[in-house]
Amino acid sequence: MSVRPVPAHRLWLLVLGFGAWCSALVTVYVLHSLGCTFAWSAHTIRLNLGLAILVHLGLIGWIGQSYAKPPADAALGPTGSFLHWVIVWTLLAAVATIVFTLGPTLLLTSCT
Amino acid sequence: MNTSIEDSPNRITAIGLHRQLAQVWATGPGLQRLAAVNHTIIGTRFMATAFVFFAIGGVLGMLARVQLATPQATFMDTETYNQVFTMHGSMLLFLFAIPMIEGIAVYLTPKMLGTRDFAFPRLTAYGYWCYLLGGIILTVALVAGVAPNGGWFMYTPLSSNVYTPGINADVWLLGVTFVEISALTLAVEIIVSVLKMRAPGMSLDRMPIFGWYMLVTALMMVVAFPPLILGSILLETERAFGLPFFDPTRGGDALLWQHLFWIFGHPDVYIIFLPMAGVLSTMIPVFASTPLVGYRAIVVAIIGLAFVSFGIWVHHMFTVGIPHLALAFFSAGSAIVAVPTAVQLFAWLATLAHGQPRWNVPMLYIFGFLSTFVIGGLTGVMLAIVPFDWQAHDTYFVVAHFHYVVGGALAFPLLGALYYWLPLLTGRTAIYRLSIPAFWLIFVGFNLTFFLMHLVGLLGMPRRVYTYQPVEGWVWLNLLSSVGGFIMTIGFALVVIDLIAQILYGRRARRDPWKAATLEWAMPIPPTAYAFASLPSIDTRADRIAPGELAPSLARGEGYLGFTRNNWQETLGVHVTSGEPEQLIVLPRVTYLPLWTALSTGVAVLAMLFKSYILALLMALVVAGLFVRWGQNAGHFRDYGSLPVGRGLSLPPHTEVVSAPPWWALNFALVADGTLFTSLVFGVLYLWISAPNWPPAVTPITNLPLAFVSVAALFVASAGARASLRTQAGGRTPQAWIGLTALVLLAAIGAVAVLVANIIPHPREHALGATAAALFGYVVLHAGIGLLFLLSNFMRLSAGFMSPRRLVDLRLTRLWLDYTAITGAIAIGLVLASPALVGILGMRP
């Protein structure tokens, strides 16, 4: 089987996982700021933060399911296999980072 | 004699090929060296200049240690001390660390990737001259006694003109911005070159790990530097024109500066570390005589590190009073950032464990790195824990931490790299009698100087104080620390002597003295201007090649482009992922334009420094005109179609392809620009939600019809650019569309200028007005640059640089005007939304 070049746009997958982490961080920070400024209840703040975190985890899960879970396309050769491996592990690392950095914050007091 | 394009390239001898290439790629002697654009020359200049600033910054550090060696010393007064420590940090970080990284990148990256130069040689030269001039401005200010004196991070309100009325702060703001802009241009160039200009066959999985490190670092620079540039512009505007971005009495917020600074400042330390990690990942396998362990894991780690480093900036601000919840996630992030670093460390240790390490001078410095960086990393994790940070903040514990990480991450690997690659630079090997004592003096002196600072910090000694009382219990620790500093300085002096001795008296090096496996050793040493006589075809990972076998073949012209034609400086462009060759890139020759442009930029900066704003505006127009002039020397006057490039392959020139380097460069430049714009929008929203004295006393008013006309005009201009491109692609001339687009842009600029003149509240009265002025100013600037694009299009069209195949110019203009229209709509929309935002604030309990 002849090897096709990996399309350049596939490189976006290298950054989507941690891009989602950045987005989660910004979203959580913004929601927290808005919530504290406009005196939302602690329950409302935690609910919104939790939803934001879950949405981003879901996004990474969808990316993983769509692009990373299927095995590497053999037609893309060793470069495709390499990029596939790196994409999978950056997605996993991004999930771990979201859970570790943002998860425990939901247990804390809200605005003080 | 060059081969014409109609002739088939004839095989010539290696000597004959060398003579032809040397002539084509030559930079003339004497003053003509000022016109050099070659990466080997510019990279060497970057590194040499950076070492000079390292020496000056190091001396400043020693002056501080002399002052602190004894209590109540009178060696310096407080004002002098403030300038000394500010310039020590500013010089070492802005004038040594980043430029040195870039110098190494400029010198080494093309060689390691198997290409002949970087994508934009004139831009490389411009970046160097801007760096040199910015550094001179800062150094002259130091000598004149008006150096910046507010700390290397220039916190507001201390750096406002209320508390720093002199030009000290302006020197920092303008000088550092000048240098950072040059760093940003180089970062864009590195990205494009790594992605598009590798040796044929060098797919991303075959790229040497150094290429990945430089790619990720350059991408980080593109996102990290713009917030600092924005902050510097806003602070300088506040100081010069009274716009209160950071003045809390008028709706500004001093903490906004800290956010903008540290969003740059924290990634900056990883920008410094990652290239050195790339150097270590290159050297360690050589001295272990085994391939690098964990190549893929390292790629994942550096991508993770790059992102996480952008999400933990607030750990520099743990004591400013933000809520516990926010403290928690920045603390957690600051702890987890150690994981990707540890992955790399374990990969290096595994490589050493797998192989048979050879102990020589570069390995000594690798050992020095391992010990100091691990200590610095561990104290970093300590500081990531908020309660501990609250105790250690602003004490010498923090000073110790960052010297260990920067010394570990930069100084030791850099010296190791110097000894490793000096045979390549100079063609000679070291004598080594001085090298080993020099290392031990540096290592012992470094640890004596900085380890004791952990202790004195935990005993409560604050940072940035010019003296202390003898009863504090810090006397012996400071004295020994200062002694350590002198020991370290002696070590560095021995390194300098050793290097000079090597250059003057060292033995001639053989081609590959370390038995390495990367491409930079497959060329003559010292390197020629053209790097490779012919370009290699890569079929294995490019840190597993045999330079000794490859070099003679390349010298005989058996690779790609083993000939010259038309006096062109040629290299190849490749597919981003596969490395398949897809275009012939013709690079610009020597020119004085980068020097003139940098000098004009420098005059503009000096004019702003001395508040001659009319002169500054005129010089800015000169700079703009010179950049348009650059465009008159680039490209071809005709279509060539496919040209032979050797090994039976023919490729079109870069002017006739869609995926040309300038297209990629503008995209990444817009990433940087977009980051700056996003930072501005963040700043506006941050002030709205957090700053005191909001809402303003006056309800904001904006001329709605004029605002809509402005936005509409920007989108019409964008459409005009698309029409120009379609017209040219269809074989017709687009002058009319270019002219129409220019007129519409002028109308947009005029409309926004009227909006600026009628901002309510006045920009000096409240930050709401100031941010509106900043947003409108952003639109005007980008529309103005759009006019420059159109002017260049018109001139190049008239000169014959465009055709239905040669469309790069018009594609770039379309992209720029699209970006201007979208950001213009957001900026003007945000200003229009300000009454609603102010109204929402009224709903706060």
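# Exercises on a predicted two-chain model

Six of the six residues of strand β1 (residues 569-574) of chain B are buried, so the strand is largely enclosed by the rest of the structure. A residue is buried if 20 or more other C-beta atoms lie within 10 Å of its own, exposed if 12 or fewer, and partly exposed in between, with C-beta atoms placed from the backbone. Strands (E, at least two residues) and helices (H or I, at least four) are DSSP runs numbered from the N terminus.

This is a predicted model, in which local features need pLDDT of at least 70 and side-chain atom pairs count only at pLDDT 80 or more, while totals for chains, interfaces and linings use all residues. Residues are numbered from 1 along each chain as its sequence is written, and chains are lettered from A and ligands numbered from 1 in the order in which they are written.

**Exercise 1. Describe the pairing of β1(B) with β2(B).**

Step 1. β1(B) and strand β2 (residues 581-587) of chain B run antiparallel and are joined by six bridges; two strands pair if DSSP finds at least two bridges between them.

Step 2. B:E570 has B:V586 in β2(B) as its bridge partner.

Step 3. Six residues lie between the strands of this hairpin, where B:G579 takes a positive phi near 75°.

Step 4. Phi of B:N566 is near 55°, positive in a residue other than glycine. B:N566 has 14 other C-beta atoms within 10 Å and is therefore partly exposed.

**Exercise 2. Describe the pairing of β3(B) with β4(B).**

Step 1. Three bridges pair strand β3 (residues 643-646) of chain B with strand β4 (residues 649-651) of chain B in the antiparallel sense.

Step 2. The bridge partner of B:P644 in β4(B) is B:S650.

Step 3. Two residues separate the strands in this hairpin, and B:R647 has a positive phi near 55°.

**Exercise 3. Describe the side of chain B that touches chain A and the part taken by α9(B).**

Step 1. Contact involves 30 residues of chain B and 38 residues of chain A, two residues being in contact if their C-beta atoms, placed from the backbone, lie within 7 Å.

Step 2. On the chain B side, α8 (295-309) and α9 (324-336) each supply at least two residues. The largest share, eight residues, comes from α9(B).

Step 3. This side divides into 18 nonpolar, eight polar and four charged residues. Ala, Val, Leu, Ile, Met, Phe, Trp, Tyr, Cys and Pro count as nonpolar, Asp, Glu, Lys and Arg as charged, and the others, Gly among them, as polar.

Step 4. Ten of the 13 residues of α9(B) are buried, including B:F329 and B:F330. The cover over these buried residues includes α1 (12-37) and α3 of chain A, together with α8, α10 (338-354), α11 (361-384) and α12 (386-392) of chain B.
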